[in-house]
Amino acid sequence: MSEQHLYDLIIVGAGPAGLSAGLYAGRATLDTLIVEGDAVGGQVTTTSVVYNYPAVEKVDGTQLMNQMQRQVADFGVTIKHDEITKYDVASEVKTLTGKSGATYQARSVIIATGANPRKVGFPGEDEFRGRGIAYCSTCDGELFTGLQIFVVGGGYAAAEEADYLSRFGKHVTVLVRGDHFTCPPLTAARALNNPKVSVEYNTEVKRVDGNDYLTSATLVNNKTGKETVYHVDEGDNTFGMFIYVGTEPATKHLAGIVDLDQAGYVKTDDNGATNVPGAYAAGDVIVKPLRQIITAAADGASAATAAEAYVTAQKQEQGIPIHAAVAKKPAATVGQTSQLDHQEEVTPHQGNWLTADIDQQLRPIFDRLTKDVTFQVNTNDSDLSQQLVSFVTEFVGLDDHFSLTTVKGDDQYLPMLKLLDSDGNDTGLHYAGIPTGHELNSLVLGVYNVAGPGQTIAPAMADRIKQLGPVDIRIGVSLTCHFCPDVVAACQRMASLNPGITATMIDLQHFPELRKDKKIMSVPATMIGDDPVIFGSQSLDELVTAVEKHEQQD
């Protein structure tokens, strides 16, 4: 058995703090690994537009994080998809254990796990999540087009997302617990000066109710005690309530490992050092007065610089040579949303759907393909069908392993793209709608899994998947949702390993009857057979477990 690789630095989390730390560590030529359990970019990717990042007037949150990720990759830093569930950092060699069962070792660690949206806790909040209650405007905003929307909160996110959500809802009402917004006046003005947004101060949600969907909300004025009840407008089946009341630190695996404050945030000094030598923390997970992208990036830079000094001193003490490695261009990495690497000297491609930049990012992945794959488009007479054929025709032109065939479809969801293997067999990887936007990642990963080496998967997990019985999995998505591709890719990885599994991405914008039938008002929405819808991001292990439970129930 080969000796386990010892990194100079492992960064847990790939939000702005983790990516900034990776950038500084890579430039310092530290042998660095970033481990991320969710989508690269963290909470920033749930932000519609970022207005306050220096030198950038305004930018989509996901776009900003993708730019950071490309910088990190250019300095040879690898990002691996796994959730760290155990930290052993007391000794000089730190050992981290992932949910996958893999272990990782390093001389130093930076904890940049960030923070997750906080729930308010009123009755009905959990019950109606995905059926009216939401936490991500970029994921779910379009599902509330033409409906009344409430935003709960009074800070940066509430003001900015209320402004963003006004492009979808017929009206947005912000419910502020205090008597004013807590963010700066210019940020608050985005909501206050928007004619489609109104603000109710000193107002809290007492409870929400409904049947299949959210249909009423009881509000209370916390000064007068007066209660009012909002009932869904006549002709509407529901309304939206987006929650932006702050975050809670992602430190559930860190209790007793490093010092935390009463709220669960990691205590650090000005350089990001925790109470444990060689263990640092950065970003929204630490104790600090301001949690913004710019402060998270600064935290990451400080922590990485301190970690570099710590590792250098440790090597000098142990007589280990310190080599200045040249920043390298890494091999293409697959398995994480938006993790398509930049490559130079590629023949430019420019079309209606795929830009030259996308072609360059895909080339390292397609270069690893070894098998042919047929893109079968099941068509109908719709304009969407013509658009799908146009998109697939352009995509197929990117590599010689690809070919296109069209057939008149009789599937429930049309038009639909199906991937066929080199023998013409249906792989079970299906796409209803056009897999563009974030879902382009799902398509690329699907092709990689059926025509290339495939995403790395633990042997025990592969065995579990192969033992599953036949099942039809549908994943309702929005093309603007950054969580959706990971769920689609995980389900389709199952289908690529088990011929009895079908995993279909469904763009809900084009299939409103499915949304209505399954009462879906949030994505990703995973449907395993006829089981209740599973809302939100799900790991491969969670999805496999859900299919196993489905089989037990049958």
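My entries follow, by topic.

**Ground rules.** This is a predicted model, so I kept to its thresholds: local features need pLDDT of at least 70, side-chain atom pairs count only at pLDDT 80 or more, and totals for chains, interfaces and linings use all residues. Residues are numbered from 1 along each chain as its sequence is written, and side-chain values use heavy atoms, with hydrogens and water left out.

**Aromatic pairs.** I looked up rings of Phe, Tyr and Trp (its six-membered ring), which pair if their centres lie within 6.5 Å; planes under 30 degrees apart are stacked, over 60 edge-to-face, the rest tilted. That rule gives 15 aromatic pairs. I took Phe366 and Phe402 to begin with: they are edge-to-face, 5.1 Å centre to centre with 90° between the planes. Phe366 is in helix H7 (residues 356-366) and Phe402 in strand S19 (residues 402-408), so this pair ties together parts 36 residues apart in sequence. For the numbering, helices (H or I, at least four residues) and strands (E, at least two) are DSSP runs counted from the N terminus.

Phe366 is buried at 2%, and Phe402 is buried at 7%.

Next I checked Phe375 and Phe395: centres 5.6 Å apart and planes at 50°, so the pair is tilted. Phe375 sits in strand S18 (residues 373-379) and Phe395 in helix H8 (residues 383-396), 20 residues apart, and the pair links distant parts of the chain. Phe375 is buried at 0%, and Phe395 is buried at 0% too. Ring pairs join Trp353, Phe366, Phe375, Phe391, Phe395 and Phe402 into a cluster.

**A charge over a ring.** The charged end of Arg291 sits over the ring of Tyr265, 3.9 Å from the ring centre. The cut-off I used is NZ of Lys or CZ of Arg within 6 Å of the ring centre and within 35 degrees of the ring normal.

**The five-stranded sheet.** Which order do the strands take? I read S8-S15-S9-S10-S11, an open sheet with parallel pairing. Two strands pair if DSSP finds at least two bridges between them. Strand S8 (133-134) and strand S11 (197-200) are the edges, each pairing on one side only. S9 and S10 pair over five bridges, and Phe150 faces Thr173 in S10. Four of the five residues of S10 are buried, so the rest of the structure largely encloses this strand.

**Helices H4 and H5.** I found helix H4 (residues 156-165) packed on the sheet, touching S9, strand S10 (171-175), S11 and S15. Contact means heavy atoms within 4.5 Å. The axes of H4 and helix H5 (residues 185-192) come within 7 Å and cross at roughly 35°. Axes are lines fitted to C-alpha atoms, for helices over the stretch in contact, and angles run from 0 to 180 degrees between N-to-C directions. Residues meeting there include Tyr156 and Ala159 in H4, and Thr187 and Ala188 in H5.

**Leu96.** Leu96 is in strand S5 (residues 94-98) and is buried at 0%. I noted Ile84 twelve residues away in sequence but 6.5 Å away C-alpha to C-alpha. Beyond neighbours within four places in sequence, Leu96 contacts Ile84, Val12 and Tyr104, among others.

Note on methods. Buried < 20%, exposed > 50% of the residue type's maximum accessible area, 1.4 Å probe, protein only.
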